[in-house]
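I opened the model today to look up a few things about its strands, helices and charged pairs. My notes follow.

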Amino acid sequence: MDNENKNPLTPEEESTPAQEAIEPAGPESPAAEIPAEETQTASEPDGTQGEAPAEETSTSSQDAADGEPPMQDEQEPSEALAPVPEADTEKPQKPKKPKKDSHKGKYRGISLAMTAGFLVVVILLNVVVSLLAERYPSMNLDLTEGHVNTLSDSAAEIASNVQNPTTIYIMASEDIAKSDTLLAEYGIKYSQVSALAEKMAERNSNISVEYIDLDQNPAFASEYQDDGLMTADVLVKTDKRYRVLAYTDLFDVQYSQTGMVAYSMVDSALASAVSSVNADTLPLAVFDTGHNEMMDTTLYKNLLTSNNFETQEINLLTDEIPENAQLFVLATPATDYTPDEIEKLEAFLNDESKASDRSLLVTFYPGQDALPNLTDFLKEWGLDVQQSTQVVETDPNSYITSDPSYLLANQSGDITLSRATSDYGYLLMPQSCPINLLFDERNGITTHTLATSSSSAFLYDGTEESISNPQTGEHTLAALAQKTITTGEGEATANVVALGSTFMFVDGIINSNTFGDGRYLTDLAKYVTGTEGETIAVETRQVQTSIADISMSLLQVMVFGLGIFTILIPLIVVVIGVVVYYRRRRL
């Protein structure tokens, strides 16, 4: 029995590697110390690897008990000889799915949100700027050559001082008025009218702008039939009065050998119209038309109208001088006045029932026919005009255009026409008659010099002797006589003004920016009517519009090109990028 239970493999016999692999562990083997339950638990697979069927396990155990080696599966030797896992090895874990990087998703969401927010801000900024530019036209940069879309200082001041509701009606639809298609065939930039009118309205809530399409609203024109409203005209209106500006009042188109050139007068025209319709009263300037007047008074009338005067024409021979007239103009008469007409002039100047100042203005030119009745009347006021004589210069610095008769006059300091200025720059008085002052003061009348020639001038009377032996000296070119009139309400001033040059009223001089004639004549008219300082003087400003394309100086180019687009915007982008980068690193 002992031999039967004895292991057939004697100790002396070598065991094969396969036998060693299936030999039960001895008492010193660590595996023998593992309880059956723990061994079973340790041997239990966790579903991933090493799982063996129950039948195979049972068969192997039985074979071992019978002392026979277990049947080998057709497996690789390495698999069959795999060591038994030790008891203290960790339990195999299921492989976990890789987790998504939550930080990357968070960054991506922040980036998308910032991009969307930036686009929203840009869109909102664009909308806000557009709305503000429409509400506040001054936000639009004026890059035109002559700054024709910018209000002058006087126009801005007039707009700011408006106290009455004032409406500027533009006779065109808004789209057409702002598109520069209106009057474009004349080289006119009509959008200037809308730009300046809206900037006036921006400065003062009492001013409003309306667009009237006469084709769609013919009833509007029917209310002003006597004015003949047309497309492109402008009507400025208050409860006191209204004034119509034709496109010729807004723009001046001149033709030359080089072509057609358009000039803008929109700024001064709108300013004068707004000022005149808001004035409490307007002085009336009356022009006599009954003596073949040789001076074209159109430009002078426009100048007066632009500076808050009303104008009217009468025939002194048949008509009476209006009661409210303050300035009566004799524009270079070709025929003499009758005694009745002289009496009307005397009554006008000496009227004690009028409390306002009143004045007579007479213009002359060399070679004018003798006017004995008018000459005698002027002499009573201390003024003697030498109509047969002309003042000529010998100093080239005192005349222009290579014509010694085109005199650059000196303004006298005897009378200050305006408190705002005493210097009118170049005062041009072409082909002027000399005026002699007969006395300084007599019968309450005082005489004053307004303008003189230089001391290098001489008198030319048409004789050879006056040229061969010129007597140079200073000669008076414009003079003023004054008298105080006692009225029922106080005192008023009567004035008589004699101007030796009728050519200072012609186009190219009275409207020129080079010469100060326009401003001088405006201030003279206000001075002799006592209206100086009541309203802001508006200078007729002509600006060429055909070159009103964008024109930037070198400084502007550097500011916009280099400063903003090359430096500022990239710098802002870099700063934003750095801020975003460091904010992300902290997340």
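**Helix H13 and what follows**

I looked up helix H13 (residues 298–306) and found that its buried residues are Tyr300, Lys301, Leu303, Leu304 and Ser306. Buried means under 20% relative accessible area, exposed means over 50%, and partly exposed lies in between (1.4 Å probe, protein chains only). Helices (H or I, at least four residues) and strands (E, at least two) are DSSP runs, numbered from the N terminus. Just after H13, I noted a positive phi of about 65° at asparagine 308.

I wrote down the ground rules next. This is a predicted model, in which local features need pLDDT of at least 70 and side-chain atom pairs count only at pLDDT 80 or more, while totals for chains, interfaces and linings use all residues. Residues are numbered from 1 along each chain as its sequence is written, and side-chain values use heavy atoms, with hydrogens and water left out.

**Strand S1**

I then checked strand S1 (residues 166–170), where five of the five residues are buried. Thr166, Ile168 and Ile170 point one way, and Thr167 and Tyr169 point the other way. In a regular strand the side chains alternate between the two faces of the sheet.

Which strands pair with S1? Two strands pair if DSSP finds at least two bridges between them. With S2 (residues 207–211), S1 pairs in the parallel sense over five bridges, and threonine 166 stands opposite isoleucine 207. With S3 (residues 234–237), S1 pairs in the antiparallel sense over four bridges, and isoleucine 168 stands opposite valine 236.

**Salt bridges**

I searched the whole structure and got five salt bridges. A salt bridge is a side-chain nitrogen of Lys or Arg within 4 Å of a carboxyl oxygen of Asp or Glu.

One of them joins lysine 178 and glutamate 198 at 3.0 Å, N to O. Lysine 178 lies in helix H8 (residues 174–178) and glutamate 198 in helix H9 (residues 191–203), so the pair ties together parts 20 residues apart in sequence. I also found Glu174, Lys178 and Glu198 linked in a network of salt bridges.

Another joins aspartate 280 to lysine 240, with the closest N and O atoms 2.8 Å apart. Aspartate 280 is exposed at 65%, and lysine 240 is partly exposed at 38%.

Lysine 301 lies in H13 and glutamate 313 in strand S8 (residues 310–314), so the pair ties together parts 12 residues apart in sequence. Lysine 301 is buried at 14%, whereas glutamate 313 is partly exposed at 47%.
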